[in-house]
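Opened my notebook for this one.

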Amino acid sequence: MRNVLIIEDDDATARALSELLDLEGYGTRRARNGADAIDTLHSFTPDVVLVDLQLPVMDGRSFIELYRRQVRPAASIIVLSGRSDGRAIADSVSAEGYIGKPVDVDRLLRTISLALAAA
């Protein structure tokens with residue numbers, strides 16, 4: 001089973017993503033911000049991390065930078081964002097994928113599959 005860590009502060013979005021991915025056969029965990037995600041990594045090893053950019057406590061970009069410095073090998077990162085500069089930020093942190101919000105389910109599943117295949 002492949003694992004996905006969902007870092008999203010909107011409970012409804014996080015729950016919907018988790019339920020969708022669970023139905024697709026992925027193991028999932030959720031974190032509300034980057035700091036919670038770092039704690040989650042002590043007990044959960046993701047193959048893919050879905051991370052929103054705008055988060056309280058520790059934002060998505062800060063999480064990605066810290067995660068990539070600390071975790072080897074790191075999981076594939078897919079940025080989720082409704083920001084107009086979301087794609088540029090995803091590119092600047094060398095994310096393996098970018099999904100704009102609202103999330104297109106088919107695109108999300110395709111992007112996760114491609115990230116896993118490339119790993």
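Is Val57 buried or exposed? I looked it up: Val57 is exposed, at a relative accessible area of 75% (over 50% counts as exposed, under 20% as buried, partly exposed in between, with a 1.4 Å probe and protein chains only).

Caveats next. I am working on a predicted model, where local features need pLDDT of at least 70, side-chain atom pairs count only at pLDDT 80 or more, and totals for chains, interfaces and linings use all residues. Residues are numbered from 1 along each chain as its sequence is written, and side-chain values use heavy atoms, leaving out hydrogens and water.

Backbone entry. Most residues other than glycine have a negative phi, and most peptide bonds are trans. Val57 has a positive phi of about 65° and sits in the loop between β3 and α3 (helices are DSSP runs of H or I, at least four residues; strands are runs of E, at least two; numbering goes from the N terminus). I also noted Ser94, with a positive phi near 55°, in the loop between α4 and β5. Lys101 and Pro102 are joined by a cis peptide bond, omega about 0°; I find Pro102 in the loop between β5 (97-100) and α5 (105-118).

Core entry. I looked up the largest nonpolar core and got 24 residues, with Leu5, Ile7 and Phe63 among those with the most contacts inside it (such a core is a set of buried Ala, Val, Leu, Ile, Met, Phe, Trp, Tyr and Cys residues joined through side-chain atoms within 4.5 Å). α3 gives the most to this core, four residues.
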